[in-house]
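Hi there,

Here is the structure I promised to pass on. Please have a look at it first, and then read my notes below.

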Amino acid sequence: EIATHMKRRTQRSEVGLLFWLDKIPLTALIVAALALGLAPFTPEPHLWQKLRMLADGTLARPIDFFDLLMHASLPLLLIVKLLRLALRLNALPPDA
């Protein structure tokens, strides 16, 4: 039982630090990133509002920083996942 546990733990660590991201289905991540990134839909998405505030230098309240991190988290994870997929595709041999 201990040997099996250690083998599974070793296999997971060999996959890398972001192995958990590889297990998330791409479609689910796209839907979640769009939903959280664009919420609320009216009058304007919070992510866009907070990025504009950041560019203007008016993002100062702690709640605004939290809101930016919350609404940007899944879109950033989607970008990381897409980059990992692209790197894997480029790493494949030409005849694969």
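Pro 40 sits in the loop that runs between helix 3 and helix 4. Please keep in mind that this is a predicted model. The peptide bond leading from Ala 39 into Pro 40 is cis, with omega near -20°. Pro 43 is also found in the loop between helix 3 and helix 4, and the bond from Thr 42 to Pro 43 is cis, with omega near 0°.

**The nonpolar core**

Which residues make up the largest nonpolar core? They are Leu 47, Met 53, Leu 59, Leu 68 and Ala 72, 5 residues in all. Helix 4, covering 46-56, and helix 5, covering 62-91, each supply at least two residues of this core. Met 53, one of the core residues, touches Thr 58, Leu 59 and Asp 64 once residues up to four places away in sequence are set aside.

**The nonpolar patch on the surface**

There is also a nonpolar patch on the surface, formed by Leu 26, Ile 30, Leu 34, Leu 38, Phe 41, Leu 82 and Leu 85. Together these residues have about 580 Å² of accessible area. Two elements give two or more residues to the patch, namely helix 3 (26-38) and helix 5. Helix 3 gives the most, with 4 residues. Leu 82, from the patch, lies in helix 5.

Which residues does Arg 84 contact, leaving aside neighbours within four places in sequence? They are Leu 18, Leu 21 and Asp 22. With Asp 22 there is a polar contact between the two side chains, at 2.7 Å. Leu 18 is 66 residues away from Arg 84 in sequence, while the two are 9.4 Å apart in space, C-alpha to C-alpha.

Best wishes

Technical notes:
Residues are numbered from 1 along each chain as its sequence is written. This is a predicted model: local features need pLDDT of at least 70, side-chain atom pairs count only at pLDDT 80 or more; totals for chains, interfaces and linings use all residues. Side-chain values use heavy atoms; hydrogens and water are left out. A nonpolar core is a set of buried Ala, Val, Leu, Ile, Met, Phe, Trp, Tyr and Cys residues joined through side-chain atoms within 4.5 Å. Buried means under 20% relative accessible area, exposed over 50%, partly exposed in between (1.4 Å probe, protein chains only). Contact means heavy atoms within 4.5 Å. A polar contact is a pair of N or O atoms within 3.5 Å; within protein, one must be able to donate a hydrogen and the other to accept it, and residues adjacent in sequence count only if both atoms are side-chain atoms. Patches are made of residues with over 30% relative accessible area and no salt bridge: like charges are joined within 9 Å, nonpolar side chains (Val, Leu, Ile, Met, Phe, Trp, Tyr) within 5 Å. Accessible areas come from the Shrake-Rupley method with a 1.4 Å probe; for residues, only the protein chains shown count as cover. A salt bridge is a side-chain nitrogen of Lys or Arg within 4 Å of a carboxyl oxygen of Asp or Glu.
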